[in-house]
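Trainee: I would like a close look at one helix pair in this structure, and then at its surroundings. Please give each term its cut-off as you use it.

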Amino acid sequence: MFQNDRLNNEITLFEKIKNLDYILVTSVILLSIVSVFVMYSTDGGEILFHTKNHFVKLSVFFPLMIFIAFFNLKFWHNFSYVFYFLVILLLIWVSFFGIKSSGSQRWLDAYLFVLQPSELMKVAIILCLAKYYHRLKIENVNSLTSIVVVLSIILVPIIFVISQPDLGTSILIASSGLIILWLGGVKIKYFIYSFIAFLISLPFIISFLKPYQKLRILTFLDPDRDPLGAGYQIIQSKIAIGSGGFEGKGFLKGTQSYLDFLPEKHTDFIFTLFSEEFGFIGSIGLLLLYSIIIFRIIRIGSISRSNFARLFCFGYAFAIFIYIVVNLSMVLGLLPIVGSPLPIMSYGGSSMLATMIGFGIVLSAKINHKQIIS
Amino acid sequence: MIKSKPGIRKTDVINRRMFIIGAAKIVVFAGIVARLFSLQINENKKYLTLSDKNRIREWKLPPTRGDIVDYFGNVIAGNLKVYQLHIIPEQVENFNYLLLRLKNLLELSDKKIQRINKLKAELKPWDSIIVSENLSWSQFVKINNYLYDLIGVKPVMTISRNYPFKEAYTHVLGYVSQPNEKEILENEVVQERFVPGMKIGKLGLEKRLENHLIGTNAIQRYEVNAYGKRINQLEHQKGEQGLKIRLTVDTEIQKACGGLLKGKAGSISVMDIYTGDIIAMYSSPSYDPNLFLFGISQDEWQLIRNNPLKPLVNKTLSGLYSPGSTIKPIVALSALENNVINTKFKVKCTGKMELYGQTFHCWKEKGHGWVSLKNAMKQSCDTYFYEVSRLLGVDRLNNTAEKFGLGKKVLGEYFDIEKKGLFPNTKWKKNNLGKGWVLGETLITGIGQGYIQSTPLQLCMMTAQIANGGYAIKPKIIVDNNPLSFEEAKQSMEKGLLYDTETKSFKDKKLFKDKKNIKIVQEAMFSSTNERFGTSYRSRIDDPRYQFAGKTGTAQVKRISKRERELDLELEQIPYKDRDHALYVAYGPYINPRYALSIIVEHGGSGSRTAAPIAKKLFKLIIDRHDLRNKQSNFERITI
């Protein structure tokens, strides 16, 4: 054990590079390449604004991921709370000085780019809670104080995000946080009780929803009630995916997106365009690529010796899974429309930044998987 | 080891819980794959159709109307290339400048400019605005010369209805124009094929035969984007021109009718006495139907509407006139058929007849003396016919008259404006006026005055049926699928039968009891035109090739007062409105007759002076064209 500890601390750069998880890195590179091509297709087969920006972001954030991976895992452990509080500060900053766009205030002007702190919170909360449960004794997991503390950790950012308003991101933050609670060992009956309580209070929650959010739920239940208005996005998205068929319409041949029938094709509906052009086969391939990424992250978690790394990897794997499920369910008409990007594929810097930070920490856990954090 | 136990326990908890989540993940991913499968594989067809519906839009183009030709194949309603001017707003750099240029080039009115601006605001920027529907050639050339300066302007060649014989056929064909909303909804075929700018039949055969003439739309398929802008053309599907319809009419004769009635209000109808073919049917005055194609100007419309000779009324079909003396052949025939009189029966005409204290005047004040049927017909003696109808009674007269087509529509299925006229009887008066029939009314009915009302076409058909030996014919204006040649028709008539196109069998169409009686009436009509003292003797033609038999008629439009009778005014001295209508019915050639005609000149004075001379001029032409018509084979078969 002591030997190991010493070994870990004296790990060389060469060994770090050698210990990188190449399956994960390759998958991320593959995904990035696919995303650039799809972005090229959304630009109508030309290298325009979105393609250029997406490529630039990838070429900045991918090295950032490797850079993060080379930090000692202990650094991330020590940095967790700071990172969480920094993001909270950014959220407070946004609620005062954020950029307003189409009725919500989510963004910060960082001169070079526009930052959406709520996206960073998706990673920060996992990091923060992983550390908390890593340090918490198993006997105290179900104590009142610890439950109150973790619930506050989750609720504080959610209050800020929901008031932006941004329902989609707050749901993702909440589920990322709750999964750590689950992994940390909070009693299953608590989950069941709160789920029942949630169901009972659902009518009250709905009455607090904004009119456009209610409309989205109604539209989800029956998209045809307003096919040219609220239901338009989901109807057109289903048409695009359905018309793709087995093989798809071919690269750059998706009529639904080319002729502008698809809404928000760069961001939340990027999968629709992909699925229209590459069909069932392409979609399964993409899901497979995501599955490999998730599986690798879980695998890294399970070989990690520290519970911090384990909790973070499992939590992050679940978060990625949730992002994908929520996004795909939305474009496939299985869930109401909530704004949620598809990791790496969707256009958007903050989302990509957060995802790459997460991957970086996972890679760092891989490099330092023998490390024990006291 | 003990120390590390809780750590191991914690790891176990995490791993166990991870396993549960992992299982859930697989289930959820499987669900998403299932959903993808159902959308992309199972329902692929449905969504592919929806996607095509999204991206492909069809543009219907106006269909090309079928031609209408006369018996000889001359186009009387055709299609003409016209030049239109369109503006495509999104291609225009400076709209106001362009309008200014066009205003100067085409002399557009301010109102028109306003309309264009209004359209521009209403339409999508890529929808074309029609500036002018019908550019003249010189305007078209001018526009093409300045095209470099008129960016966004598109000269377009398209097809429009055209009536080459102008006013000659207006009352037969009607005209086409842009339909209003009601007219579109009324006709399912029009509703289905309607496109803006399309014109439909508004009147006459153009309206009646709309569904045959209309043709099918050409269809252009375009790929469009979500905003409806055309991206590229995928397909062009040609439309089919509407049916070509051949009429029985002869343009030369139709035009001659127009010439003969120039400046007069009236009507001429010419009919084949065996086949029922309408050779000509002209109502005067007429108007140019081409004026309506692109919207008639207010001034021109007022000119037509306010013309005292009423060009808008189709006098042949919906003009109701007292037949006057032209009814006398029917009165004579009815009396003969009912054995009320014979050829030896004579009446003494003293110029008037007294009945129950009322005086009934003959047109000749001095009277005709003792007259037989032949002389009475020849000189149109009213007293003779007063006496004959008194003996005959109105009901028996009505019976014969209705058999010969009076009081019934002649072409009713083709012209909804056709009137059926009236031939009164005692029952009619009781039912409609609630009063009993008075014998005096029988007397004036016998000379074609009183309640009796007939259309010019009815009088023509009546004459045709006397001329062909007393057989019922079915007049027609469209050459149908199996036209009966005149020989076939004549032969079957001589056998006492007539081919019926509806039941496709030979039927007994005799209108008489004794063929001899028809002959007597025919001879009487011959003498009226071809013997001295005959009312139309002056209009006779001696050449047996053209020789015709006829009967004049002068229909009073108002009761003649005693004072007026004493004054015996000249035509010019009577106000136009009060002048008598001049009528003439005739058939010819007398030997082997072929054609019957009826002529009416409103307020023309007397039949012998105004109407009969027209017949003389017309008969020469009709008979000269007879051989030509016979030689004309039935070159086209159509089904209506």
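The answer below begins with the chain, goes on to the pair, and ends with other parts.

Mentor: This is a predicted model, in which local features need pLDDT of at least 70 and side-chain atom pairs count only at pLDDT 80 or more, while totals for chains, interfaces and linings use all residues. Residues are numbered from 1 along each chain as its sequence is written, with chains lettered from A and ligands numbered from 1 in the order in which they are written.

Chain A has 15 helices and three strands, which are DSSP runs numbered from the N terminus (helices: H or I, at least four residues; strands: E, at least two). Of the 374 residues in chain A, 49% are buried (20 or more other C-beta atoms within 10 Å of the residue's own; 12 or fewer is exposed, in between is partly exposed; C-beta atoms are placed from the backbone).

Now the pair. Helix 13 of chain A covers residues 270–303 and helix 14 of chain A covers residues 307–331; their axes come within 9 Å and cross at roughly 165° (axes are lines fitted to C-alpha atoms, for helices over the stretch in contact, with angles from 0 to 180 degrees between N-to-C directions). Because of that angle, helix 13 of chain A is roughly antiparallel to helix 14 of chain A (over 145 degrees; under 35 is roughly parallel, 65 to 115 roughly perpendicular, the rest oblique). The crossing of helix 13 and helix 14 of chain A is left-handed (the near helix is turned anticlockwise from the far one by less than a right angle; clockwise is right-handed).

From helix 13 of chain A, the residues that meet helix 14 of chain A include Phe271(A), Tyr290(A), Ile294(A), Ile297(A) and Gly301(A). On the side of helix 14 of chain A, they include Ala309(A), Cys313(A), Ala317(A), Phe321(A) and Leu328(A). Contact here means C-beta atoms, placed from the backbone, within 7 Å. By class, the contact of helix 13 with helix 14 of chain A has 17 nonpolar, three polar and one charged residues (nonpolar: Ala, Val, Leu, Ile, Met, Phe, Trp, Tyr, Cys, Pro; charged: Asp, Glu, Lys, Arg; polar: the others, Gly among them).

The pair also takes part in the contact between the chains, to which chain A and chain B give 37 residues each. Helix 13 and helix 14 of chain A are among the helices that each supply at least two residues of the side of chain A that touches chain B, as are helix 8, helix 11 and helix 12. Helix 14 of chain A gives the most, with nine residues. That side of chain A has 20 nonpolar, 13 polar and four charged residues.

Another helix pair in chain A can be set beside this one. The axes of helix 6 (residues 117–135) and helix 7 (residues 144–162) of chain A come within 10 Å and cross at roughly 175°, so helix 6 of chain A is roughly antiparallel to helix 7 of chain A. Met121(A), Ile125(A) and Leu129(A) are among the residues that helix 6 of chain A gives to this contact, and Val150(A), Ile154(A) and Val161(A) are among those from helix 7 of chain A. The residues of the contact of helix 6 with helix 7 of chain A divide into 10 nonpolar, one polar and no charged.

Terms used. Contact = placed C-beta atoms within 7 Å.
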